[in-house]
Amino acid sequence: MARQRCHPHGPRLLLLLLAAALAGAPPGGLYSPGDPLVLLQVDTLESSVLNSSSAWLVEFYASWCGHCVHFAPTWRALAADIQEWSPAVNLGVLDCADIANQKMCGKFGITGFPTLKFFKAFSKSPEDGMKIFHPGDSIQNLRQSIITNLEMHKETWPPACPPLEPASVEEIHGFFQTNNVTYLALIFETSDSFLGREVTLDMLQYENVAVRRVLSSEEELVKKYGVTAFPSSFLLIKNGTFSRIPVQMEARSFYTHFLRRLPGVTRGPYAPTRAPDMQIKTTPTPRRAADRSKVYMADLESALHYALRVEVARFSVLTGERVRALKDFVAVLAKYFPGRPFVRNFLRSVDRWLRNVRESSIPYSALELVLTNRKEGQAPAVLSNNVTWVGCQGSEPHFRGYPCSLWTLFHLLTVQATRHRRLGTGPLEVLGAMRGYVRSFFGCRECAQHFEGMAAESMDKVRRVDEAALWLWSRHNRVNARLAGTETEDPQFPKLQWPPPELCPPCHGVVNRRHVWDEVAVLRFLKAHFSPANIFLDYTEPERALVVRRSREAKEGAGEWAMGDGEEREEEEEEEERGENGRGEEGEERRPGKPEGAGVGMEVGGSERRGFLGPRKPSIVRMNPKMQELEEDIVDLDSFSELHYKSKALKAAAANKGRRLSKRDTIPLLLADDSHEAFDYAAAWERLRRRGLGSKQLIGALEEDEGDALRRNHWFRMLGVGFSRLDVSLCIILYFLSSMCLLGMYTFFRMRTRHRKGRPGFPTA
């Protein structure tokens, strides 16, 4: 009777999968130290993977990525299934969502999650990693991919890995003369079978037994042992006897179970591989109280930071579609994001820079200077680099977080587009920007593909901005329905249809005993829920602290244009005159800002509650002259007080030391002193240099010019304090029009009076 063929997974693997499914994600993250794999960190990745005598397969994941959460049980089951293959091949994981690991993930070329990379033994650099495309959740295909990549070792075969190539007749005949083992297991199989290689690696850590695969094309060996079915296995003993291995099923698990229990077969001295000096950091995050009826600015600003400085940073060079997607995304943010003044200034400065880029590709290193404000040096244009989840905080670190905040951000933008229709360019402006960003940058690639499928299905049917807000709402509910009950669902925040009845009773209705949505009520709810009046500043970093920290970072890290004092600065100026420093002429200048509103669509009634201050003073901002559009910035009054005291300290220090204040020192002076506008240092400096003045003469003349400018503008500032250039221009225009109107009225009545006096019979006094 022919023996029954078994499923390639075998009973053992089914048990592993069942156990992994029941276990789910371990508390505190997707993987834990108890898993049979190596938890890598930024300080252990390169030392463990590169120049290793073992091959490595590393999963680069993001704890917030829904597909990564779904894939984690499979990866743990795979690690448990092949843990006996170490030290020939090791499995590891690295969380790219961890702030400490983000740059390392970029160094290894990770642009999406999850990404599997295979590193052959003795790999020298991160570029040596080969990406493995995992088809679905098939452990069998993943296991076979590992074997295929192991066989790609040609010159540097892993020392601990046994031979995986088919055995020849000559090798089998003289095997016991050249190998000090008691048993040799021969597995006869077809050329496309992986069974023999899997059993060979399963027995890697066991001594006194060897496994070789024999292909069905080896007719001499097939005939000698009377093989009639494939796969089949025979056990050869050193004393010259052989027999068919008695198993119930010709399967991997049965073969390994039989071979490991042979007399004299023992496990070798191999120990599980662990990253050296690995310490798992488990700092608990304090629970932040949140009201689900509110929108939190901390979530929105964290989404901006993560989207622009983390997601986009995974690409060393942005080209083609990614450049267009980034420009559209930032343009929509600059236009509609109802953020705090400094954040809106930040978005506008990034948008300005991107609109002035004409190249088809953008190195991220250049974009990074703008995103970190190191190039423009605008202290009042700041975005926090902290990630703080409030309304989007999950019960565990891998729940909710960034995806939740990104949904919230785009709901907010679609609603803002309905409030400011005249600013928009069409109903697909916000949806198109979201689609481009998700397709080009969103790390969870499977999530991005799902969203792209929904967009391709019906997004082009949207005709009005109100429909755009409803389209995004309905698609978000469709995603919630698809993910409800899966590994990605937070047990404390189930994925329900939103808004629930307790938040919006009129949104729900029943027709013929079936639930229906009242889209008119839903749209009304969306406009109220995502209005600027419903955005709260709980847990956000105060703007004053942002400015102070940004100013300190600029002084410590940049210093690109700062003027020193003494002989060192004179030497730098002489080098500039000779053109030896090679920095080029930045030509940056600072111009006075104007006060502006608290944001697009900010209600006055809600500004005080959310922390926006009323009257604000113009800020002095150093800007790039290449920018064609000048945007005015706002400085928080709290920041003025701190900078004011700093300016006094600088003045006192200059008086005590008997030195002139440098250009770098004048920034806080300009920010603090409301008695003058910014002085155009770049233009004045260039104008004086053309006159052929020396370094010390240049500084003296520059200060004289600055004083003249301050005296000229003194009375204008007293009369126009609190007014912007646009306000003054409008006043002049209105004054001119009113004067012309009065002149016209005077002329009309004067001519009418003369006309009546000249008529015959007109009664005179």
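According to the UniProt annotation (unreviewed entry), residues 732-749 form a "transmembrane region". UniProt positions are given here in the numbering of this text, feature names are shortened, and annotations may be inferred rather than shown by experiment.

A word on the ground rules. This is a predicted model, in which local features need pLDDT of at least 70 and side-chain atom pairs count only at pLDDT 80 or more, while totals for chains, interfaces and linings use all residues. Residues are numbered from 1 along each chain as its sequence is written, and side-chain values use heavy atoms, with hydrogens and water left out.

## The chain as a whole

The chain holds 28 helices and 21 strands; both are DSSP runs numbered from the N terminus, with helices being H or I of at least four residues and strands E of at least two. Of the 765 residues in the chain, 49% are buried. Buried stands for under 20% relative accessible area, exposed for over 50%, and partly exposed for what lies in between (1.4 Å probe, protein chains only). Among contacts with a separation of 6 or more, 75% join residues 24 or more positions apart, where contact means heavy atoms within 4.5 Å.

## A helix pair

Helix α16 (residues 429-441) packs with helix α17 (residues 445-458) at an angle of about 145°, and the axes are 8 Å apart. Here the axes are lines fitted to C-alpha atoms, for helices over the stretch in contact, and angles run from 0 to 180 degrees between N-to-C directions. The crossing of α16 and α17 is left-handed, a word used if the near helix is turned anticlockwise from the far one by less than a right angle, with right-handed used if clockwise. On the α16 side the contact is made by Met434, Arg435, Val438, Arg439 and Phe441, and on the α17 side by Arg445, Ala448, Phe451, Glu452, Ala455 and Ala456. Sorted by class, the contact of α16 with α17 has 7 nonpolar, no polar and 4 charged residues. In this scheme Ala, Val, Leu, Ile, Met, Phe, Trp, Tyr, Cys and Pro count as nonpolar, Asp, Glu, Lys and Arg as charged, and the others, Gly among them, as polar.

## Buried loop residues

| Residue | Loop | Relative accessibility |
|---|---|---|
| Threonine 44 | between β1 (38-39) and α2 (45-49) | 2% |
| Valine 181 | between α7 (175-178) and β6 (183-189) | 13% |
| Glutamine 205 | between α8 (195-202) and β7 (206-207) | 7% |
| Valine 227 | between α9 and β9 | 9% |

A polar atom of the threonine 44 side chain lies 2.8 Å from the backbone nitrogen of glutamine 41. Glutamine 205 uses its side chain to reach the backbone oxygen of glutamate 84 at 3.5 Å. Both are polar contacts, that is, pairs of N or O atoms within 3.5 Å; within protein, one must be able to donate a hydrogen and the other to accept it, and residues adjacent in sequence count only if both atoms are side-chain atoms. Setting aside neighbours within four places in sequence, glutamine 205 also contacts a set of residues including Gln83, Ser86, Thr266, Arg267 and Tyr270.

With residues up to four places away not counted, valine 181 touches Phe175, Phe176, Asn208, Val209 and Lys238.

## Backbone details

Most residues other than glycine have a negative phi, and most peptide bonds are trans. The bond from phenylalanine 113 to proline 114 is cis, with omega near -15°, and proline 114 sits in the loop between α4 (102-107) and β4 (115-119). The bond from phenylalanine 230 to proline 231 is also cis, with omega near 5°; the loop of proline 231 runs between α9 (219-225) and β9 (232-237).

Arginine 513 has a positive phi near 65°. This arginine 513 lies in the loop between β15 (508-511) and β16 (514-517) and is exposed, at 84% relative accessible area. Tyrosine 539 has a positive phi of about 70°, is placed in the loop between β17 (535-536) and α20 (543-558), and is partly exposed at 42% relative accessibility.
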